[in-house]
Amino acid sequence: MASLEQSRHLVTEIPGPASLELNKRRTAAVSQSVAVTLPVFVARAGGGILEDVDGNRLIDLGSGIAVTTIGNSSPAVVEAVRAQVAEFTHACFMVTPYEGYVAVAEELNRITPGAGEKRSVLFNSGAEAVENAIKVARAHTRKPAVVAFNHAYHGRTNMAMALTAKSMPYKSGFGPFAPEIYRAPMSYPYRDGLLNKDLATDGDKAAERAIAVMDKQVGAKNLAAVIIEPIQGEGGFIVPAEGFLRALLRWCRENDVVFIADEVQTGFARTGAMFACEHEDLEPDVIVTAKGIADGLPLSAITGRAEIMDASHAGGLGGTFGGNPVACAAALATIATIESDGLIERAQEIERLITAPLLRAQAGDDRIGDVRGRGAMIAVELVKSGSSDPDPELTMNLATAAHAAGVVVLTCGMFGNIIRLLPPLTISDELLMEGVEVLTGLLAEL
């Protein structure tokens with residue numbers, strides 16, 4: 001959005017008076033169950049800036065939780081959406097199909113890892129796609145059980161909650177959950193290394209630990225699928241040790257278990273590859289995508305090997321709004337923009353720009369336990385000085401201070417002690433570095 005000045009500018013306190021008035025309306029009208037990280041109400045957004053109703057311009061290091069990867073209201077997406085809205089807004093693909101859905105499926109089959117014949121199905125949200133990935137795995141294998149991992153996050157529907165590891169705020173009070181869900185230990189190099197250095201660096205050894213749990217607690221003959229985020233998102237941007245994912249995939253192939261890669265947060269150039277699986281040359285059986293797929297419009301997908309995706313009966317998959325034509329138009333424009341504008345390489349450059357100052361800060365501050373991630377998906381794990389104990393209080397104080405200074409950052413992790421940075425790939429170097437400098441400066445002051 002060329003008309004939106006790309007600079008941080010505060011004209012009121014955060015939140016300002018107009019946002020505070022709108023927040024009163026929110027409190028009266030919206031369920032209190034919907035939490036808000038930063039109660040500023042957005043009026044416009046573009047590039048690396050969110051502008052609120054008070055005229056404050058905030059640096060966006062969150063991208064709506066990894067959604068507006070190519071920038072809010074990207075011109076190509078706006079043009080594609082306007083053209084589609086003028087033609088038709090809905091037809092239901094299951095009743096009278098349309099080309100946009102087919103074109104998105106063709107693009108996903110083309111760009112997702114794996115050279116074999118593939119099929120795709122479109123849905124609305126990441127959780128909905130996760131649910132359907134489990135359905136196709138069970139239909140294909142005729143087995144019931146599913147394994148997810150420690151620290152995992154897969155969504156808020158019943159099945160997705162069962163797969164998710166963290167109780168508060170995602171699961172507490174919402175049970176009982178879907179049955180036949182089991183959990184295996186994740187490769188978490190920073191935390192593993194505190195106990196066993198070999199486990200932190202040897203992905204095969206970490207995989208042996210997980211496979212032993214799966215063998216003993218479930219058994220391959222009962223196991224339909226293993227679902228894993230190649231880099232965990234809400235769990236803390238955990239990048240598993242090299243070889244961990246490959247070893248899991250190898251075991252799945254040997255035991256007729258469907259390997260599902262949940263790339264809802266990591267997909268579409270976010271990690272410096274089109275998909276995070278590509279960093280380890282993985283070809284998952286099924287890949288789940290959402291978030292960055294359509295630059296802010298609700299769309300999700302599962303893409304996988306044809307024999308798996310075709311395993312269920314006709315009519316077994318679908319949904320009224322799945323693959324909405326307007327969202328499909330946005331997705332086609334998003335994928336084209338990523339490829340034409342070199343945004344995969346841009347994510348790699350953002351990684352270098354972010355990590356350098358964070359590593360410098362870590363060298364002089366033992367409260368920064370770990371700096372990790374890939375591409376424009378970088379995390380800082382904060383611990384109590386002189387120990388490796390998580391420090392959620394410091395993390396919340398830092399995020400709150402950053403928000404007050406006009407920098408939007410998010411927190412995550414099982415212990416609530418991780419700052420996560422998810423800037424849009426279209427952010428300028430100047431804005432990006434200013435946001436990181438504000439963050440490191442505030443940490444030094446706290």
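Thr 355 is buried, with a relative accessible area of 18%; buried means under 20% relative accessible area, exposed over 50% and partly exposed in between, using a 1.4 Å probe and protein chains only. The structure is a predicted model, in which local features need pLDDT of at least 70 and side-chain atom pairs count only at pLDDT 80 or more, while totals for chains, interfaces and linings use all residues. Residues are numbered from 1 along each chain as its sequence is written, and side-chain values use heavy atoms, with hydrogens and water left out.

Thr 355 belongs to helix H13 (residues 343–363); helices (H or I, at least four residues) and strands (E, at least two) are DSSP runs, numbered from the N terminus. A polar atom of the Thr 355 side chain lies 2.7 Å from the backbone oxygen of Glu 351. Setting aside neighbours within four places in sequence, Thr 355 is in contact (heavy atoms within 4.5 Å) with Val 371 and Ile 378.

Next comes the sheet. Seven strands form an open sheet with mixed pairing, in the order E4-E10-E9-E8-E7-E5-E6; two strands pair if DSSP finds at least two bridges between them. Strand E4 (118–123) and strand E6 (181–184) stand at the edges with a single partner strand each, so one side of each is left without a neighbour in the sheet. From one strand to the next, the twist averages 20°. Strand E5 (residues 145–149) pairs with E6 in the parallel sense over four bridges, and Phe 149 has Ala 184 in E6 as its bridge partner.

Two helices can be followed from here. Helix H10 (residues 244–254) lies across E5, strand E7 (223–228), strand E8 (258–262) and strand E10 (300–305), and runs at about 165° to E7; axes are lines fitted to C-alpha atoms, for helices over the stretch in contact, and angles run from 0 to 180 degrees between N-to-C directions. In helix H4 (residues 99–111), Tyr 101, Ala 103, Val 104, Ala 105, Leu 108 and Ile 111 are buried. The buried residues of H4 pack against E4, strand E9 (286–289), E10 and helix H12 (325–340).

Finally, Glu 381 lies in strand E12 (residues 377–382) and counts as buried at 0% relative accessibility. Leaving aside neighbours within four places in sequence, the residues in contact with Glu 381 include Tyr 188, Tyr 190, Arg 191 and Asn 417.

Definitions and conventions. Polar contact = N/O pair within 3.5 Å; in protein donor to acceptor, adjacent residues only side chain to side chain. Expected span 1.5 Å × (residues − 1).
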